[in-house]
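Subject: A structure for you to look at

Hi there,

Here is the structure I promised to pass on to you. Have a look around first, and then read my notes below.

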Amino acid sequence: MLKTLLRTPLPTNLRRLSPCHLLDFSSKADDWPVLQTKLQSASLVSRICNLLWDPKWEQNQEFGRLSSELRPHHVSQIISTHRDTDLVLRFFFWVSKRHFYKHDVECYVSMLNRLVGDRKFAPADYVRILMIKACRNEEEMKRVIEFLNGINKSFGFGYTLYSFNTLLIQLGKFEMAGLASDVYTQMLNSGIRPSLLTFNTMINILCKKGNVYEAELILSKIFQYDMLPDTFTYTSLILGHCRNCNLDSAFQIFDRMVKEGCDPNSVTYSNLITGLCNDGRVDEALDMLEEMIEKGIKPTVYTYTSPITSLCEAGRENEAMELVCSMRKSGCFPNVQTYTALIDGFSQSRKLEVAVGLYHKMLKDGLIPNTVTYNVMIKELSAEGRYDVALGIFDWMVRQGTLLNSQTYNEILKVLCSMGKIEKAMVLFEKMLKIGPSPTVVTYNTLIGGYLEKGNLNNAMRLLHMMKETGHGPDEWTYSELISGFCKWGRLDSASSLFSEMVERGLSPNQVSFTAMIDGYCKDGKIDVALSLLERMKQNDCCPKTETYNAILHGLSKNNRFSEVEGLVNEMTEKGLLPNVITFTSLIDGLCKSGQTDHAFRIFQEMESSNCLPNVYTYSSLIFGLCQEEKADDAERLLDEMERKGVSPDEVTFTSLIDGFVILGRIDHAFMLLRRMIEVGCKPNYRTYSVLLKGLKKECTLSTGKAVAQNGVEYGDSLDERVTNVEEMCNILLSRLSESGCEPTVDTYSTLVSGLCRKGHSFEAAQLVENMKEKGLCPNKDILYSLLFAHCRNLEVDSALEIFNLMKTKGCELLLSIYNALICALCKTGRLEEAVKMFECMLGKQWNSDEIVWTLLIDGLLKEGESDLCMKLLHIMESRNSAPTVQTYFILAKEVSKAKLVEVDRSDSK
């Protein structure tokens with residue numbers, strides 16, 4: 001298939017491809033099960049038809065046994081083939097009452113065809129009404145109306161008043177206003193006199209859609225037919241005006257109905273109360289609720305739920321709970337919607353424990369949460385960082401067969417991306433593509449954000465391509481995510497291209513995308529470009545926010561352009577944007593990094609005098625500046641000050657300070673600070689240990705100098721080797737950690753091993769792992785991941801496979817990137833059969849087929865020049881029913897073409 005794509009132009013209307021081109025035609029033997037099923041079905045129909053001739057067939061044991069096997073298609077065949085219409089009709093009603101069985105549309109069609117064909121119109125009218133009531137969705141309604149109109153035209157089987165009204169009521173149930181209007185017109189043209197029910201049903205259908213003008217035309221018909229509107233009529237009109245947010249007209253109708261002697265009912269009041277709540281007039285709605293109770297009209301659960309929802313949305317959860325108590329006292333109990341509103345309200349107010357308690361109370365009351373309830377719970381739990389609980393709810397929903405909508409999937413995709421589990425998110429995404437619900441723009445934006453967070457920019461762009469090809473046009477937020485992500489990872493040229501593409505597609509860049517580009521240019525030292533983009537932002541009527549100005553201020557101060565800072569701050573103030581903690585910190589950080597710490601402290605004092613409290617980043621910048629100026633003691637006093645003021649230092653703060661004392665050669669004090677860092681719960685990173693290693697190396701170098709002076713050059717050479725030996729220096733670091741009261745832990749080794757592997761010191765990292773094992777410490781998954789990738793880079797395949805098997809034994813999560821690293825390493829070392837075997841084994845797990853192609857075939861094998869193996873693995877995927885989407889076939893075709901050109905160029909150069 002891919003070869004065809006490479007050879008021929010690609011059709012624009014190509015749909016998702018299946019790998020059927022790889023399958024052989026089924027043999028005739030394969031058709032036997034299908035034929036056998038058909039024969040069994042025909043046998044069942046024939047036996048039932050014969051048994052129906054028994055006068056007491058309902059009591060026949062064999063008939064009772066066989067009837068349990070009946071399905072609608074069997075019943076339809078029996079109705080069509082049995083010779084006695086009256087007998088068939090009896091059977092039709094009898095089987096419909098069986099608990100295991102339900103007629104489908106085809107059964108009704110067969111029954112009506114028999115009855116109308118035999119001119120038995122009276123029972124046919126009853127079956128027609130049952131058929132209309134049995135419709136489950138809009139599609140069935142359309143099909144039924146088309147069929148009924150057909151037999152009306154062919155056999156003169158016209159609608160009765162009852163059947164017309166039933167049809168209108170059912171159309172109203174599905175809010176099919178257009179079709180209802182056609183049926184209403186058909187009724188008037190047929191000469192059947194409408195009843196008040198007819199007019200009320202039509203008025204209600206139109207008012208639900210807010211079509212009050214058309215509803216009032218039908219109201220005039222009521223008077224033309226010498227009828228009078230009733231409570232239902234006026235209540236529907238009130239609903240229509242409320243749907244249009246025209247509350248004045250709604251209350252005019254309410255006054256009119258009271259004057260005409262029509263007593264409002266609970267639905268009338270509920271409509272008005274809901275209208276007031278939707279208009280933000282919840283207090284007036286509560287007054288109306290009181291009026292309703294005083295008049296002896298009992299509110300329903302729906303009446304109460306509207307103000308409860310509005311109170312929760314307004315942050316008045318306690319009042320909402322009081323209303324629930326009043327509701328219970330009146331004998332009206334909360335329903336699913338009531339609980340959902342309360343759960344959402346308390347969650348929004350960050351009272352998640354109360355929300356969870358209400359969820360359990362709801363279950364205790366015997367209520368089954370709906371999709372909206374679950375969506376609220378998942379959203380709020382994930383917002384609080386309780387991802388495992390959110391995933392647990394989702395898994396429970398799946399197991400229970402709860403109907404999941406796009407919002408449910410979008411919320412859980414957000415959870416998985418926040419946990420860094422983009423591969424699991426992509427598996428769910430593939431499920432959405434195959435069986436629904438269909439992905440939305442939010443789905444794509446969430447996944448793009450997940451890839452960008454992990455630094456996988458290629459896959460983020462591939463998702464953008466999929467969006468365009470599947471008709472989900474990227475929006476402003478898609479491009480904002482991409483621009484911000486590319487700027488964050490230093491790909492400013494790509495971000496600039498995306499910014500231009502966004503404008504070309506007619507989308508207006510928003511504050512986020514402008515700010516991301518401005519920040520990117522500032523970090524790249526292109527301040528003038530950033531300033532010109534700021535001007536363009538203003539010309540586009542996109543008002544810069546404080547964050548925008550902060551980015552430029554940081555760039556200006558970092559590049560010593562302080563003369564422009566004051567003017568920009570004044571511009572901010574004129575726009576009503578007061579400098580915040582980030583503004584001051586941006587200036588302080590820029591000044592400190594340009595060696596102007598004194599000036600930075602003046603800004604710091606101005607910040608405090610403006611009642612703008614410094615944060616950890618402010619102090620970290622100042623501590624860094626002081627340490628670079630060899631004022632580590634002053635920096636340490638600043639650390640004491642920040643802790644006194646309740647600002648907790650982070651790893652950046654401590655690392656800068658430790659570096660300050662290392663610069664001064666006070667290595668013992670640096671280790672004392674490390675102990676202090678660990679004691680306050682701050683975890684050292686590789687940068688922290690690197691700074692200490694730098695200090696230890698400096699200390700050893702000084703020792704070398706003394707040794708040379710005392711013992712001669714030869715002894716000095718051995719010490720110099722020790723200084724340049726990474727493994728030896730790491731052992732010295734571990735010893736000093738123990739001596740300083742910072743006994744190395746698994747986390748210590750994990751940080752060092754990961755850092756060493758990133759720096760290309762995999763041998764030394766492996767020796768450290770042996771060291772930790774000797775001390776009785778077991779490597780964690782981060783250590784194993786780091787070593788495996790390092791061994792693969794160094795083509796130490798056996799060592800990598802050993803770690804891979806250990807990870808499987810330990811139950812570690814085996815990421816797609818691990819398989820990619822191993823398979824590529826096996827290929828490079830000529831172990832192709834093992835590579836294929838590992839790939840086949842990998843396909844036994846749950847993956848997204850597109851992601852396999854993107855990560856392993858394109859970014860892995862094709863980049864390594866293994867185009868033939870890439871195609872072979874693609875065929876294996878297709879044979880395992882794991883074919884990618886057509887969009888990925890296009891991407892792969894393009895990449896294979898590029899790879900082939902590269903291969904040609906290489907061979908030509910040789």
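Which residues in H18 meet which residues in H19? On the H18 side they are Glu 317, Ala 320, Met 321, Val 324, Met 327 and Arg 328, and their partners in H19 are Thr 338, Tyr 339, Leu 342, Gly 345 and Phe 346. Sorted by class, the residues of this contact are seven nonpolar, two polar and two charged.

Please keep in mind that this is a predicted model. To find the two helices, go to residues 317-329 for H18 and residues 336-348 for H19. Their axes lie 10 Å apart, and the packing angle is about 160 degrees. Angles over 145 degrees count as roughly antiparallel, so H18 is roughly antiparallel to H19. The crossing of H18 past H19 is left-handed.

A second pair to look at is H22 (residues 387-400) with H23 (residues 406-418). Here the axes come within 10 Å and cross at roughly 140 degrees. H22 also passes H23 in a left-handed crossing. H22 brings Tyr 387, Ala 390, Leu 391, Phe 394 and Met 397 to the contact, while H23 brings Thr 408, Tyr 409, Ile 412, Val 415, Leu 416 and Ser 418. That gives nine nonpolar residues, two polar ones and no charged ones.

Finally, a word on confidence. The average pLDDT of the protein chain is 88, and 92% of the residues score at least 70. Residues 3-30 have a pLDDT below 50, and this stretch has 27 contacts in the model beyond near neighbours in sequence. The pLDDT is also below 50 over residues 713-723, a stretch with 15 such contacts.

Enjoy exploring!

Best wishes

Definitions and conventions: Residues are numbered from 1 along each chain as its sequence is written. This is a predicted model: local features need pLDDT of at least 70, side-chain atom pairs count only at pLDDT 80 or more; totals for chains, interfaces and linings use all residues. Side-chain values use heavy atoms; hydrogens and water are left out. Axes are lines fitted to C-alpha atoms, for helices over the stretch in contact, and angles run from 0 to 180 degrees between N-to-C directions. Helices (H or I, at least four residues) and strands (E, at least two) are DSSP runs, numbered from the N terminus. Angles under 35 degrees count as roughly parallel, over 145 as roughly antiparallel, 65 to 115 as roughly perpendicular and the rest as oblique. A crossing is left-handed if the near helix is turned anticlockwise from the far one by less than a right angle, and right-handed if clockwise. Contact means heavy atoms within 4.5 Å. Ala, Val, Leu, Ile, Met, Phe, Trp, Tyr, Cys and Pro count as nonpolar, Asp, Glu, Lys and Arg as charged, and the others, Gly among them, as polar. pLDDT is the predictor's confidence in each residue, from 0 to 100.
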